[in-house]
Amino acid sequence: MKKYPFSNKAMKAILAASIALSPFASTALSNPVKVEASSDFSSVDSLINYLDRIYDASDKVALNKAKEVLDGITDPEWKDYAKKASVKGEDLTPAESKLIVDVLQIFTSVTTVSGVKDAINNFDKENVKVVFGDKVSSKELLNFLSDVQIELLTELSNLSNAKNSEIIEILDAAVTDAAFKNASNKKVVKEFIKVVDDEKLVTVSKSIYAKLDKDNIGENAKAALIAALKEVHPPTPTPDPDPDPDGNTNPTIPTPGEETVGVPAGSTTVVEKGNDVITEIPEDKVQEIVNLITAEKSVVEIPLEKVSGDKQAKAQIPASLFTEAAKKNSNAVVAIKTDAAVYKLPVSEINVTELAKKLGVAAGDVKINISVNVVSADVKNSVSNVVEFHILAVSGDKQEAVTTFSTYVERVLTGAKDFSKGNSVAVKLNADGSFTSIPTFFDGKNATVKSLTNSKYTVIENNVTFKDVTSKGKDYWAKEYIETLASKLIVKGKEEGKYVPADHMTRAEFTVLLVRALGLPAEKYDGNFKDVKGTEWFNANGEIMAAVKHGLIEGMDNGTFAPKEKITRAQAAVMIDRAMKLKYVGYDMKQLDSKKTAADFKDASKFKAWNKKAIEAVYQADIVSGRDTKEFDPNGFTKRDEMAKIISEFLTSAKLMN
C-alpha cells in the first residue's frame with residue numbers, strides 16, 4: 001500500500017480535487033451522503049475503500065467501464081498522443097513525451113478516483129526537473145493540475161449532462177482559468193506551452209474521449225459523475241433580500257442580533273496611554289468570545305470608545321483570537337465599530353505565524369492593534385468624514401504594519417445624510433496628496449467601501465458631464481454609463497468638456513480602466529513585456545503590473561503587451577470574465593442566465609477556445625450583448641461608449657457599484 005505525504009501541499013490538493021470529482025452519493029437524492037475531508041484519509045487506498053462503500057452500483061459499473069477503456073490505451077498510443085500534442089512533433093524528447101503522457105493521464109482520469117490514483121502513481125516527478133530544470137518544480141506542476149481539476153469540477157456541477165465535445169471545451173476553459181489563478185500557475189503555463197500546443201492538446205483529448213463513445217460508455221459515466229457532483233454541491237437557495245425604497249438590497253453591514261457576536265460583558269478593558277484610548281481584550285477572554293462564533297453568527301463586533309481632540313481610539317486584541325476564530329469559522333470577521341465607521345476585518349487576513357516571524361517572537365506574544373479614527377484632511381467635494389484605518393502587529397517595543405490584503409476588506413463609512421449613490425464614490429487618500437477611486441456600494445447614509453489596502457478614506461460627490469453625449473436636447477445612448485463612471489473617477493474625457501464616445505479603446509486604456517474600477521493597488525513594473533518600459537502614461541500608477549499580478553492580462557504570445565493596439569470585443573470579454581472570477585470580487589455566478597449560450601450568436605463559429613467561455617459568461621451576465629445583427633463580432637473593436645457600458649454593468653452586477 002503506497003502512502004502519500006499529506007504534508008505535501010500539491011499531493012493533498014490533487015487528492016482533494018479527486019475526492020470532489022468522484023461520485024460520492026447514491027442516486028437516491030433524498031439521502032445525501034456525508035462527504036469526508038481529504039485530511040481524513042492517510043492514503044489513496046483508504047480513500048478508494050471509503051468510496052467503494054458508498055458508490056451506487058449502477059454508477060460504479062458506468063465509471064469502471066469508462067476506466068477500463070482508458071486503461072486499454074497502450075504505451076505506444078500514449079506516446080503517439082504526446083507527439084501529436086507537442087509543438088515539437090518528431091523532435092520530442094523521451095522526457096518531454098513522458099511529461100505530456102503524465103499530464104494527459106491525469107486530465108483523462110477525472111471520472112474515477114482510482115483512475116486519478118493510477119495517474120498519480122505513474123507521475124514522474126524527477127522527469128519534471130529533466131524537462132523544465134529549475135524553472136518549474138513538480139510541486140508547482142501538480143498544484144496547477146489540481147487547480148485545473150477544481151475548475152473543471154465547478155463547471156461540470158452546473159450541467160445536467162454533457163457531450164464529449166462539451167467536456168473538452170470545459171476542460172480547455174478550465175486550463176485557461178487555472179492558468180490565471182496565480183503567479184505560479186502562469187509560470188507553469190509559460191514553460192508548458194514551449195512543449196505543448198494547446199490547440200493540439202484539445203484535439204488529442206477529443207481523440208482519447210472518442211474511445212468512450214461506444215455503447216454510450218462515456219455518456220453513462222459522465223451522467224453518473226454530474227449527478228454525484230450535484231449531490232455533493234447542491235444549489236444554494238438565495239434568500240429574498242429586503243429591498244429599500246430605491247430597490248437596492250441591503251449591503252453587508254453587520255446587523256446586531258443576526259450575524260453579529262457582541263463581546264460578553266467584562267471581556268474588554270479600556271485604558272489610556274498617552275493620546276491612545278485602547279479597548280483591550282485580555283488573553284483569558286479569547287476562548288469565551290470564540291465560543292460564541294457559529295456558522296450563522298460570524299462577526300465579532302468590538303466597539304471603540306468615543307474620543308475627541310487629539311485622542312486616538314484603538315482596539316488591542318490577542319493574535320490568538322484571530323487564529324482560534326479562523327479555526328471555528330474560516331469566514332469569521334472582527335468588526336471594529338465607531339460612530340464614524342465600521343471596519344470589517346476577516347480573521348483569515350491576519351497571518352499570525354508570518355507576523356510573529358517578522359517580529360522575531362513567539363505567536364503567543366503577538367497582539368493586533370486596530371485603529372479607526374477621524375482625521376483632518378482637505379479633500380475637494382468630500383461629503384463624509386475622512387477616516388484612517390490602521391493595523392499594527394506588536395510585541396513589546398516591536399511592531400509590524402499590516403497594509404495590504406488578499407481580499408477586499410470592507411469598511412462602512414457613515415454620512416450625516418443619505419449619499420447620492422449615482423455620482424458619489426469613496427476614495428483612498430494617497431501619500432502624494434492624490435486620491436484613488438475605490439469600489440463603493442451605497443445604502444442611505446452608509447457607504448460600504450471595498451479595498452485591498454489600509455489608508456485614509458472619504459466619500460466625495462461629483463457631477464461630471466460631457467457636452468458630446470447630449471445633442472439637441474437628446475441624450476446619447478451611453479450618457480448615464482459615461483457620466484456615472486466619470487463622476488466616480490473611473491473614466492475621463494479626452495478633450496475639454498468632451499468624452500469622444502465613438503473612439504476605439506486600446507489595450508492599455510482598457511487595462512487601466514479595469515484596474516481603476518477594481519481599485520487595485522499599484523505594483524512595481526518588472527519588465528514583464530518587451531514593448532513596455534514602465535514609464536508610460538498607462539503605468540503611471542503601477543496599473544500594468546497590478547493587472548498582471550491579479551491575472552487580468554498576460555500579453556501576447558511573442559512576449560509583448562501591444563498597448564497601442566485596439567482591443568477587440570473578445571479580448572474585452574476575456575478580461576471582464578477574469579475579473580468576475582477573482583476570488584475577492586465574490587461575483588455571484590448564480591445570477592448568470594444559463595438559458596443563454598454562445599450558440600445564440602450567428603457568428604459563434606468565429607469564437608476560439610480561449611474566448612468562447614468568457615464571451616458566454618459576460619453574455620449570460622448581461623454585461624456584454626451582441627450587435628443588432630445578432631452577431632457578437634468577437635474581432636470587432638471596442639469603442640469608448642461600449643467600454644463605459646461594459647465596465648458599468650460589470651461593477652453593478654458584482655455589487656461594486658450601485
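Start by selecting L518 and its surroundings. Leaving aside neighbours within four places in sequence, L518 is in contact (heavy atoms within 4.5 Å) with Y408, P439, L552, A579, L582, V585, F650 and L656. Before going on, know that this is a predicted model, where local features need pLDDT of at least 70, side-chain atom pairs count only at pLDDT 80 or more, and totals for chains, interfaces and linings use all residues. Residues are numbered from 1 along each chain as its sequence is written, and side-chain values use heavy atoms, with hydrogens and water left out.

**The largest core**

Now widen the selection. L518 is one of the residues that touch the most other members in the largest nonpolar core, alongside F510, I576, I623, I647 and F650. That core has 66 residues. A nonpolar core here is a set of buried Ala, Val, Leu, Ile, Met, Phe, Trp, Tyr and Cys residues joined through side-chain atoms within 4.5 Å. Buried means under 20% relative accessible area, exposed means over 50%, and partly exposed is in between (1.4 Å probe, protein chains only). In soluble globular proteins, nonpolar side chains tend to be buried together.

Helices (H or I, at least four residues) and strands (E, at least two) are DSSP runs, numbered from the N terminus.

Then jump to A340, V347, V366 and V387, which are among the 49 residues of a second, separate core.

Click on K450, in strand β15 (residues 446–453). Is K450 buried or exposed? K450 counts as buried, because its relative accessibility is 14%. Not counting residues up to four places away in sequence, K450 touches Y408, V409, E410, I438, P439, K655 and L656.

N329 is the next stop, in the loop between α14 (319–328) and β6 (333–337). With a relative accessible area of 10%, N329 is buried too. Its side chain reaches the backbone nitrogen of N331 at 2.8 Å. Beyond residues up to four places away in sequence, N329 touches I293, T294, A295, S298 and V347.

**Two loops with a positive phi**

Head to the loop between β8 (367–375) and β9 (386–395), where you'll find N381. N381 isn't a glycine, yet it has a positive phi of about 65°. At 36% relative accessibility, N381 counts as partly exposed.

For another such spot, select L489, in the loop between α16 and α17. L489 also has a positive phi of about 65° without being a glycine, and its relative accessible area of 27% makes it partly exposed.

**A helix stop**

Go to helix α5 (residues 94–107) and pick K98. K98 is partly exposed, at 30% relative accessibility.

**Zoom out**

Of its 658 residues, 52% count as buried. Among contacts with a separation of 6 or more, 73% are between residues 24 or more positions apart.

Key
A polar contact is a pair of N or O atoms within 3.5 Å; within protein, one must be able to donate a hydrogen and the other to accept it, and residues adjacent in sequence count only if both atoms are side-chain atoms.
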